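Subject: the model I promised you

Hi,

Here is the structure we talked about, ready for you to open.

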Amino acid sequence: MSGPKPKVLFVDDEEATRFGFSRFLHKHGYECKEAATLADARKAVAAQSFDVVLLDLNLPDGHGLDWIEPLHTQCPNTC
C-alpha cells in the first residue's frame, strides 16, 4: 500500500481476538487501534478519526449495535 495507512478501530472484549486481528491488520498495511469496551471505543473515536470500525456485538458495557447509529452520526465517513 502506498500513501497513508488506512486506520482501523477494532473493538472486542477478548484480548486474544484483538491481538490476532490487530497483528493480521498491521501485517497487511493497516494502522490498528484496539478497544475492549464501548467506552474505550468512544474515547478512541473522540481522539482520532478512523476509516473503519470493526465492532463486536456483545461487549461488557453494552451491545455494539446500539453504538452504530451514534457512531455514524459522529463520524459519517467511517465504515
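Which residues in the largest nonpolar core touch the most other members? This is a predicted model, and in it that core has 13 residues, with Leu 9, Val 11, Ala 41, Val 45, Val 53, Trp 67 and Leu 71 touching the most other members. At least two core residues come from each of strand 1 (7-11), helix 2 (38-47) and helix 3 (65-74). Helix 2 gives the largest share, four residues. As background, nonpolar side chains in soluble globular proteins tend to be buried together.

Leaving aside residues up to four places away in sequence, Val 11 touches Ala 35, Thr 37, Ala 41, Val 53, Leu 54, Leu 55, Asp 56 and Leu 59. Two of the names on that list, Ala 41 and Val 53, also turn up among the core residues that touch the most other members.

How many bridges join strand 1 and strand 2? There are five, in the parallel sense. For one of the residue pairs, look at Val 8, whose bridge partner in strand 2 is Cys 32. Strand 1 and strand 2 also belong, together with helix 1, to a right-handed β-α-β unit.

Last, a residue from that helix: is Lys 27 buried or exposed? Lys 27 sits in helix 1 (residues 15-27) and is exposed, because its relative accessible area is 70%, where the cut-off for exposed is over 50%. Lys 27 and Cys 75 are 48 residues apart along the chain, and their C-alpha atoms are separated by 26 Å.

Cheers

Note on methods:
Residues are numbered from 1 along each chain as its sequence is written. This is a predicted model: local features need pLDDT of at least 70, side-chain atom pairs count only at pLDDT 80 or more; totals for chains, interfaces and linings use all residues. Side-chain values use heavy atoms; hydrogens and water are left out. Buried means under 20% relative accessible area, exposed over 50%, partly exposed in between (1.4 Å probe, protein chains only). A nonpolar core is a set of buried Ala, Val, Leu, Ile, Met, Phe, Trp, Tyr and Cys residues joined through side-chain atoms within 4.5 Å. Contact means heavy atoms within 4.5 Å. Two strands pair if DSSP finds at least two bridges between them. A crossover is right-handed if, with the strands pointing away from the viewer, the path from the first strand over the helix to the second runs clockwise.
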